[in-house]
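Dear colleague,

I am passing on to you the structure below, and after it you will find some notes on what turned up when I went through it. Please read them with the sequence and the model open beside you.

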Amino acid sequence: MDDPVLLTGATGRVGTAILDGIGDDYEWRCLARSPPEKELPGEFVAADITDEDAMRDAMEGIGAVIHLAGDPRPEAPWSSVLENNIDGTKTILQAAVDEGVEKFVFASSNHAVGAFETDERTPEMYRTHDEFRLDGTELPRPGNFYGVSKAAGETLCRYYHDQYDLDVVCLRIGNLTKNHPPIDYERGQAMWLSHRDCAHLAERSLEADYDYEIVYGISDNDRKYYSLERAKEALGYEPRDNSAEFDGKQRVK
Ligand SMILES: NC(=O)C1=CN([C@@H]2O[C@H](COP(=O)(O)OP(=O)(O)OC[C@H]3O[C@@H](n4cnc5c(N)ncnc54)[C@H](O)[C@@H]3O)[C@@H](O)[C@H]2O)C=CC1
Ligand SMILES: O=C1O[C@H](COP(=O)(O)O)[C@@H](O)[C@H](O)[C@H]1O
């Protein structure tokens, strides 16, 4: 991607992982509700993604969007996910197609399919020997309003792809943590996404050619129950980390 990239939610956890990994590789326009505590690459816009005029201005000259901004809390109330995650995503998508943006990378979530993790299937499905898999072709099955808002975002992206030919990849991100996987948390270890795999996934999302995709954003964890085949085939994603290589906090392999 040679054009400037708009990174919404740039001051958050995922934005930090992306910029730490590929911050020197693109011309960034970073956007968040409020200014960063540390300097970010490129220019910075402090604005709310539900502000149509501000998003139109922020989109000027942009070639690709990585849309992270939103309420990331699985327990977020309906009022917040309705405003930030659904209305905000619609506003960003409309501004993107109005500006003629080429690519749109949407931060979806494991919570868009969280209700597949039934009492019957857990905790076995978080363990290496279990063969249950989700591959991105399954219908959404959210277990909370946050997950509903992420499924809605995926559908909004589908609409804007079909209506305006916007290239879209929805990343059903697992559980991003720095330095090591979540400790004593099998679900988190099954869907761990390392910082370097997160940055790599973002880079592949900016460089690969696709139409509309839903892929899982996790490292190549032995415990995984999300298939990585589509991410590898559609994006050329090649994760390097695996939560099984940690015995708690330290890498052991
Ligand atoms: N951190 C994780 O493990 C996962 C994150 N995600 C998704 O990735 C995205 C980023 O998550 P995190 O970085 O963890 O969140 P975070 O809470 O660390 O950062 C959120 C970012 O979005 C911005 N933001 C929030 N509402 C906004 C609004 N109305 N207008 C403008 N900016 C707004 C904040 O200023 C901040 O920069 C979210 O959409 C979240 O749902 C999905 C799965 C896992
Ligand atoms: O979408 C998200 O998912 C991760 C993992 O979910 P959890 O319920 O196992 O914590 C979560 O940590 C993150 O905050 C959220 O945005």
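Setting aside its neighbours within four places in sequence, Tyr146 is in contact with Asp71, Pro72, Arg73, Pro74, Val81, Asn85, Ser109 and His111. Please bear in mind that this is a predicted model. Tyr146 belongs to helix H4, which covers residues 145–164, and it counts as buried because its relative accessibility is 8%, under the 20% cut-off.

Lys150 is also found in helix H4, and with a relative accessibility of 8% this residue too counts as buried. Its contacts, again leaving aside neighbours within four places in sequence, are Asn85, Phe106, Ala107, Ser108, Ser109 and Ala112.

Turning to ligand 2, the residues around it include Tyr146 and Ser109, together with Arg13, Asn110 and His111 among others. An N or O atom in the side chain of Ser109 lies 2.7 Å from an oxygen atom of ligand 2, while for the side chain of Asn110 the corresponding distance to an oxygen atom of the ligand is 3.0 Å, and a polar side-chain atom of Arg13 is 3.1 Å from an oxygen atom of ligand 2. Taken alone, ligand 2 exposes 380 Å², of which the protein buries 77%.

Key. Residues numbered from 1 in each chain as written. Chains lettered and ligands numbered in written order. Predicted model: local features only at pLDDT ≥ 70, side-chain atom pairs only at ≥ 80, totals over all residues. Heavy atoms only, no water. Helix = DSSP H or I, 4+ residues; strand = E, 2+ residues; numbered from the N terminus. Buried < 20%, exposed > 50% of the residue type's maximum accessible area, 1.4 Å probe, protein only. Contact = heavy atoms within 4.5 Å. Near = heavy atom within 4 Å. Polar contact = N/O pair within 3.5 Å; in protein donor to acceptor, adjacent residues only side chain to side chain. Areas by Shrake-Rupley, 256 points an atom, 1.4 Å probe, with all protein chains shown as cover.
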